[in-house]
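Subject: Handing over a structure, with notes

Dear colleague,

I am passing this structure on to you, together with notes on what was found in it. Please look through the sequence and the model first, and then read on.

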Number of protein chains: 2
Amino acid sequence: MSIPIPTVKRFPSYLRILHQERDSGRKYISATKLAEELSLKPIQVRKDIACTGIEGKPKIGFDIDELIHYIVHVLGWDNTTDALIVGAGNLGAAIARYDGFEAYGLKIVAVFDKDPRKIGSMIGPFTILPIDRINSFIAERRISIAVITVPANQAQAVCDLLVKCGIRGIWNFAPKDLKVPDNVVLQRTDLATSFAVLSVKLGRKISESDDDESIDEDFISL
Amino acid sequence: MSIPIPTVKRFPSYLRILHQERDSGRKYISATKLAEELSLKPIQVRKDIACTGIEGKPKIGFDIDELIHYIVHVLGWDNTTDALIVGAGNLGAAIARYDGFEAYGLKIVAVFDKDPRKIGSMIGPFTILPIDRINSFIAERRISIAVITVPANQAQAVCDLLVKCGIRGIWNFAPKDLKVPDNVVLQRTDLATSFAVLSVKLGRKISESDDDESIDEDFISL
């Protein structure tokens, strides 16, 4: 069964609440409680849970362990996936050192860069490796996911190289719209786009409160 | 005129192409060219540009300078906005040092933390300041935007404090669903959610190519 991507996007938030409730000693949770904690509509939560096929008990709710088990499995977070980082700049270094990924089954195993001055120096537990060794590394370690944190003007070349080396999933943090073949999955985390949305919404909120104008809610909440 | 948020989200990508084309000495660009560069449908690009009110010249295209000027203005990136960071961990440090924000008019002016061992030490150009000075700092410097990079279990408390101090725009990097009053804008950049989507899509692509099963494209491309 194919879970809709918008539901997949809510799953990590559900997991946080489920872990939190389980840590407080609870065994069951209602859709209403989940909805309340996440400021979602209860009908939305019920639809999302319906996708899991897990049935609740009337007046008691859903088995927390069962939900956690299912969601973790659907997300593939019960298996650890090895990934590498290309680009040992500030953002690459932060991601390499970030200790929150293993909870989702993502394990950074290497950091590559092309700058000879960086090769051999350490970022957290990783020695920065030269980019010309990436092909054999990917083949030997059977890596399928790569994180791109190089500058925008190098991102497409790095992406092409990764695809050529057999990488199937690319997580792009570079402010650049990359092109990949159909058999490769591209996920973008673009700080510029996030900040664009924040700026525009903030500007509208401020003019709304200054002028007391009514604004088009459809546009704000999209 | 209210620009739809999905259009706002595409504006930073348009800007990158526009700057690139201008740097190559071009003065005009067609919607088709923009669409091609960004793998969008030409009709989508035409609709987005229609929102700007800028008219193209037949067979020549749109004036690049005019488009840049308009988009930068709508995004508010022609004015610099001061922002502060709360949370001097790996991610907070990376964001503090990241030099790509000023192009969007976001200027980090201070980094706060509550850990006494961190106070006074440096992150890039910033001395880490104690959280109990944040109220007066926000008031004196008239800060309206804050970036949250604290651990999940501290994020709501920090958020509440920021709102109380008068912050109107919050950019949350903590893996936590925050609640804010209606007059505050919340933007979330959640690495867990991004990775969840990447994992699930990648799993589907791999099973698709292994089994040669047809899959529901609607679910994949959402």
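Helix H5 (90-97) of chain A and H5 of chain B each supply at least two residues of the lining of the largest cavity, where helices (H or I, at least four residues) and strands (E, at least two) are DSSP runs numbered from the N terminus. Before going further, please note that this is a predicted model, in which local features need pLDDT of at least 70 and side-chain atom pairs count only at pLDDT 80 or more, while totals for chains, interfaces and linings use all residues. Residues are numbered from 1 along each chain as its sequence is written, chains are lettered from A and ligands numbered from 1 in the order in which they are written, and side-chain values use heavy atoms, with hydrogens and water left out.

Cavities

The search of the whole structure finds two cavities of 30 Å³ or more. On a 1 Å grid over the protein atoms alone, a cavity is a set of points where a 1.4 Å probe fits but cannot get out, whereas a pocket is an open set with protein on both sides within 12 Å along at least five of seven lines, and lining residues have an atom within 4 Å of a point. Grid points are joined across faces, edges and corners, and a volume is the space filled by probe spheres set on the points.

The largest cavity has a volume of about 60 Å³, and its lining includes Leu91(A), Ile95(A) and Phe173(A) from chain A along with Leu91(B), Ile95(B) and Phe173(B) from chain B. By class, this lining has eight nonpolar, two polar and no charged residues, counting Ala, Val, Leu, Ile, Met, Phe, Trp, Tyr, Cys and Pro as nonpolar, Asp, Glu, Lys and Arg as charged, and the others, Gly among them, as polar.

The second largest cavity, of about 30 Å³, has Phe11(B), Tyr14(B) and Leu18(B) among its lining residues. H1(B) gives the largest share of that lining, three residues, and the lining as a whole divides into seven nonpolar, one polar and no charged.

A pocket

The second largest pocket has a volume of about 1,000 Å³ and is lined by 40 residues, of which Val150(B), Pro151(B), Ala152(B), Asn153(B) and Pro175(B) lie nearest its centre. Its lining takes at least two residues each from helix H1 (5-23) of chain A and from helix H5 (90-97), strand S4 (106-113) and helix H7 (152-164) of chain B, and it comprises 22 nonpolar, 10 polar and eight charged residues.

Where the chains meet

The contact (heavy atoms within 4.5 Å) takes 63 residues from chain B and 62 residues from chain A. Together the two chains bury about 5,900 Å², 67% of it on carbon and sulfur atoms, buried area being the accessible area (1.4 Å probe) that two parts lose on being put together, summed over both.

Salt bridges

A salt bridge is a side-chain nitrogen of Lys or Arg within 4 Å of a carboxyl oxygen of Asp or Glu, and the search finds 22 of them over all chains. Within chain A, the side chains of Glu21(A) and Lys33(A) meet in one, at 4.0 Å from N to O. Glu21(A) lies in helix H1 of chain A and Lys33(A) in helix H2 (residues 31-38) of chain A, so this pair ties together parts that are 12 residues apart in sequence. Across the interface of chain B and chain A there are four salt bridges, including that of Asp177(A) with Arg16(B), whose closest N and O atoms are 3.3 Å apart.

With best wishes
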